[in-house]
Amino acid sequence: MSNQAPNHARVIPLRPSAGRPGTTRPADRPPTPREPLWRDLVGDVLRRERQAQERTLKDVADTARISMPYLSEVERGRKEASSEVLAAAARALGLSLGDLLARAQGELVRLSSRTSRTSQTSHAGGTATTSSHNGLCLAA
C-alpha cells in the first residue's frame, strides 16, 4: 500500500459544458447568443443573390469556373473560401468582391446589433458594452 495521494488528472474541456447533453447552466445565466461567422454571412449573401436572380447553383458555378459542390458548401457556410473564389462567385452574379463583402458586413452589423441588444436586456443589473462595426477589416 502506498502513502502517496492518488494522482488525479486535471481536465480542461475544450468547449463550454453548456453545449453537452446532461449538463445544465446555472439558472441565473441566460444563454448567450452565438456570434455570426463570416463564412455563414458571405454564403447567405451569395445564396440570396443567386436565388433572387433565379439562377441555378450549376449555372453560377459554371460561370464562376468553380465546382458546383464547392459553391454549395460555400453557400451553406461549410467552407472558408479564398478571396479568389469569392471574387469569381461574385462576378458570376454580377457583383464585385467589394459589393459581396459590403453586403455581408451589413448583415454582420445587423446581427451583431441584435445580439448586443439581446445581451443588454439579459444582463440583470449589469452594464453591457456594445461595439460598432463601422468598417470592414479582413485578415488572412
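Visitor: How many salt bridges does the count come to?

Guide: The count comes to nine salt bridges in this predicted model.

Visitor: What makes the contact of Glu 75 with Arg 47 a salt bridge?

Guide: The rule asks for a side-chain nitrogen of Lys or Arg within 4 Å of a carboxyl oxygen of Asp or Glu. For Glu 75 and Arg 47, the closest N and O atoms are 3.0 Å apart. The pair therefore counts as a salt bridge.

Visitor: Why does this pair tie together parts that are apart in sequence?

Guide: Glu 75 belongs to helix H3 and Arg 47 to helix H1 (residues 38–52), so the parts tied together are 28 residues apart in sequence.

Visitor: Which residues of H1 and H3 meet?

Guide: On the H1 side they are Arg 39, Gly 43, Asp 44, Leu 46, Arg 47 and Arg 50, and on the H3 side Ser 72, Val 74 and Glu 75. By class, this contact has five charged, two polar and two nonpolar residues. The axes of H1 and H3 are 7 Å apart, at a packing angle of about 115°.

Visitor: Why are H2 and H3 called roughly perpendicular?

Guide: Helix H2 (residues 57–64) packs against helix H3 (residues 68–75) at about 110°, with 9 Å between the axes. Angles of 65 to 115 degrees count as roughly perpendicular. The value falls in that range, and H2 and H3 are therefore roughly perpendicular to each other.

Visitor: Which residues make the contact of H2 with H3?

Guide: Leu 57, Lys 58, Val 60 and Ala 61 in H2 meet Met 68, Leu 71, Ser 72 and Glu 75 in H3. By class, five of these residues are nonpolar, one is polar and two are charged.

Visitor: What is the crossing of H2 with helix H4 (residues 83–92)?

Guide: The two axes come within 8 Å and cross at roughly 120°. The crossing of H2 past H4 is right-handed.

Visitor: What residue classes does the contact of H2 with H4 have?

Guide: Val 60, Thr 63 and Ala 64 in H2 meet Ala 88, Ala 89 and Ala 92 in H4. By class, that contact has five nonpolar residues, one polar and no charged ones.

Visitor: What pLDDT does the protein average, and where is the pLDDT below 50?

Guide: The average pLDDT is 79, and 59% of the residues score at least 70. Over residues 124–133 the pLDDT is below 50. Beyond near neighbours in sequence, that stretch has seven contacts in the model.

Terms used:
Residues numbered from 1 in each chain as written. Predicted model: local features only at pLDDT ≥ 70, side-chain atom pairs only at ≥ 80, totals over all residues. Heavy atoms only, no water. Axes fitted to C-alpha atoms, helices over the stretch in contact; angles between N-to-C directions. Helix = DSSP H or I, 4+ residues; strand = E, 2+ residues; numbered from the N terminus. Parallel < 35°, antiparallel > 145°, perpendicular 65-115°, else oblique. Contact = heavy atoms within 4.5 Å. Nonpolar A, V, L, I, M, F, W, Y, C, P; charged D, E, K, R; others polar. pLDDT = per-residue confidence, 0-100. Left-handed = near helix turned anticlockwise from the far one by under 90°.
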